[in-house]
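This note sets out comments on the structure below, as numbered points. It begins with a single side chain and then turns to the chain as a whole.

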Amino acid sequence: MEEQTIFTRAEHIRDVIRYISRFKNAAVVIYLDDRIIDSPLWTNHIRDISLIREAGLRVMLVPGAHKHIDRILAESGIPWERRDGCRITDDNAMPLIKTAAFDVANIVMSSLAGEHLTAVIGNWVRARAKGVIDGVDFGTSGEIDKIDSDTIRTVLSNGFIPIFPCIGWSLAGKPYNISSMQLAAQIAMRMQADKLFFLVPDAEISAKYFSLPQGIGLSPEGCIPAMNIDELNEFLTINETPDHSLNADEKELHEHILSIVRLGKIACTQGVTRVHILNSSLNGTLPCEIFSDLGSGTMIYSNNYGKLRPMERADIAAVLTLIQPFVRKGILLPRTEEQLENQHQDYIVYELDGGIRACAALHIHDNTQGEIAAVAVDETCAHIGIGPKIMDSLITRAKQLALDSVFVLTTQTTDWFESLGFKPDDIASLPEKRKQLWSPARGSKLLRLKLR
C-alpha cells in the first residue's frame, strides 16, 4: 500500500478519534422527518444512530409525523388546513392525530430495539392551546409550555434513548398537536444540547434552491458547509422571497428549509452549540457530520467553530504533518521541527474543531519587506475560504508593522496569489539575504503586493 494512501487513511482515523473524544457524553437531539421511515435508507440511519450512541453521545429523538397524520386524516375523511406552519383541525381529529404520532414513535422504538438499544416514549411535554389568533381558531394545535428536563436527564443517565411524539399535554391532561421541529429545538435549548440535527429528505442548502451570500465557502458539492450567525442573517435576508424560477415542489422545499434555518438561529442564540441540517437521502450523513471537519450537511453555529490564532509550540507536529503533502508535490520547501521551533512566532494556524487545518508565516526582512511563506490548507478544507482568510490576516499584520510590501515565492500557485492582488516582480528586488537563498534550479517566481 502506498505511503500516501496510508497517510490519508490515518488522517481520517485520527479525525474520528479526535471527534469521539470531543463529543463523548455530549447531548444530541435528532429530528427525524417521518418520510425517512419509508425510505430504503431508514435502517442505515437507525444503525448510524446506534453507532453514535455507542460512541458515548446521549441521544434524544424527535420523530415528525406530518406524513402519517396527513394519511390517517385523509383515510377518515377529516378535513384540515395549515396556517403559519400549524395544522388546524376540530377536536374529533385529535384521537387520530395522537394515534399517528405514537405509531411513528413506536416504529422508531422498534427499529432501535433491532439494534439492541432501549428507548422510552414519554409524556414529558406540557402544552397549552394555541387559541384564537387574529380571529382564527387554531383548534387542536398547541404551544409548548414546559419540558420536564429533570426526568429526561434521569432517562438519559439510565442509558435509555427518550423519544418525543409530537403531542403535548395540558395540566388537565388534554392533548395538543405540537410542531415536531419546534419541539426538537425547544428540547435542545432547554437541555443545553451540544448538537441539534434536522434529518430531512433533500435538505440541501445550495444555489439549486437558494441565493447564496457572496464569497461564502462551499463544499465540493456546492453546498454551504457552515454558517455563523452573521452569515446566516445575510442568507435569510437574501432568501426572504423564493426564486420565481422554482416550481411548486421546490418552493415548498425552499420554505421548509428556511423554517429550519430560522429555528436553528433561535436555538444557537439560546445556548445550543451547533445546529446541523442534513439531507436524509445521503447514506451515512449523520456520522459524517459528527465525526469529520466539514461533515455532509450545513452547520449553524455561534461559537468559534474555526479560528485563526498564533501557532504554539504544541502545534509544530501538526503543522509538519499538514505541510507534508505540499512538500511531496514540490509546492513547499521542507521545514524541520527545529526551524518551526525557532520561527514559531512568525506563524499563524487555522484551528477547526481542535485540529490544525491551515498554516502560514510572515517573515520580516530589513524591516521593510515581509515574506509570506509556508501557506498550506488541508485539501478537505480547500473550498471554504480559509486560504484568503489566512492571507488577509498576515497582510493586515504587515500593514500594522508599516512594511512597504509583502512578497511570496512560488512554483505552482502563481494564479492563486495573483487573484489576491499580487503582481510579478524581479528576483533582484528580493532582500539581499533572501536573494542568496533563492535557487535557480527550483526557479521560484516572485510575486509582490505593495502596501503603500
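This is a predicted model: local features need pLDDT of at least 70, side-chain atom pairs count only at pLDDT 80 or more; totals for chains, interfaces and linings use all residues.

1. Asp150 is exposed, because its relative accessibility of 57% is over the 50% cut-off. Both residues belong to helix 5 (residues 149-157), where a separation of 3 residues places them about one turn of the helix apart.

2. As to the overall architecture, the chain comprises 14 helices and 23 strands. Along the principal axes, its C-alpha atoms occupy a box of roughly 90 × 45 × 35 Å. Buried residues make up 49% of the 452 in the chain. Among contacts with a separation of 6 or more, 71% are between residues 24 or more positions apart. The accessible surface is about 21,400 Å², and carbon and sulfur atoms contribute 49% of that area.

3. The charged side chains deserve a separate comment. There are 47 positive and 57 negative side chains, and the centres of these two sets are 4 Å apart. The structure contains 17 salt bridges. Arg309, Glu312, Asp315 and Glu351 are joined through a network of such bridges.

4. Glu143 lies in strand 9 (residues 142-147), whereas Lys130 is in the loop between strand 6 (125-129) and strand 7 (132-133), and 13 residues separate the pair. Glu143 is classed as partly exposed because its relative accessibility is 23%.

5. The other pairs Arg448 with Asp425, whose closest N and O atoms are 2.7 Å apart. Arg448 sits in strand 23 (residues 445-450), and Asp425 in the loop between strand 22 (423-424) and helix 14 (432-437), 23 residues away. The two partners fall in separate accessibility classes: Arg448, at 8%, is under the 20% cut-off and so counts as buried, while Asp425, at 33%, is partly exposed.

6. In soluble globular proteins, nonpolar side chains tend to be buried together. In this model, the largest nonpolar core has 51 residues, and Leu196 and Phe198 are the members that touch the most others. Helix 8 (residues 248-269) is the greatest contributor to this core, supplying 8 residues.

7. Which residues surround Phe198, leaving aside its neighbours within four places in sequence? Its contacts are Tyr31, Met181, Ala184, Ile260, Leu263, Val275, His276, Ile277 and Leu278.

8. A last point concerns a proline within a helix. Pro287 is located in helix 9 (residues 285-290). With 22% relative accessibility, Pro287 counts as partly exposed. Beyond its neighbours within four places in sequence, Pro287 contacts Asp48 and Ser292. The C-alpha atoms of Pro287 and Leu51 are 8.2 Å apart, although 236 residues separate the two in sequence.

Methods
Residues are numbered from 1 along each chain as its sequence is written. Side-chain values use heavy atoms; hydrogens and water are left out. Helices (H or I, at least four residues) and strands (E, at least two) are DSSP runs, numbered from the N terminus. Buried means under 20% relative accessible area, exposed over 50%, partly exposed in between (1.4 Å probe, protein chains only). Contact means heavy atoms within 4.5 Å. Accessible areas come from the Shrake-Rupley method with a 1.4 Å probe; for residues, only the protein chains shown count as cover. Lys and Arg count as positive and Asp and Glu as negative; His and the chain ends are not counted. The place of a charge is taken as NZ of Lys, CZ of Arg, CG of Asp or CD of Glu. A salt bridge is a side-chain nitrogen of Lys or Arg within 4 Å of a carboxyl oxygen of Asp or Glu. A nonpolar core is a set of buried Ala, Val, Leu, Ile, Met, Phe, Trp, Tyr and Cys residues joined through side-chain atoms within 4.5 Å.
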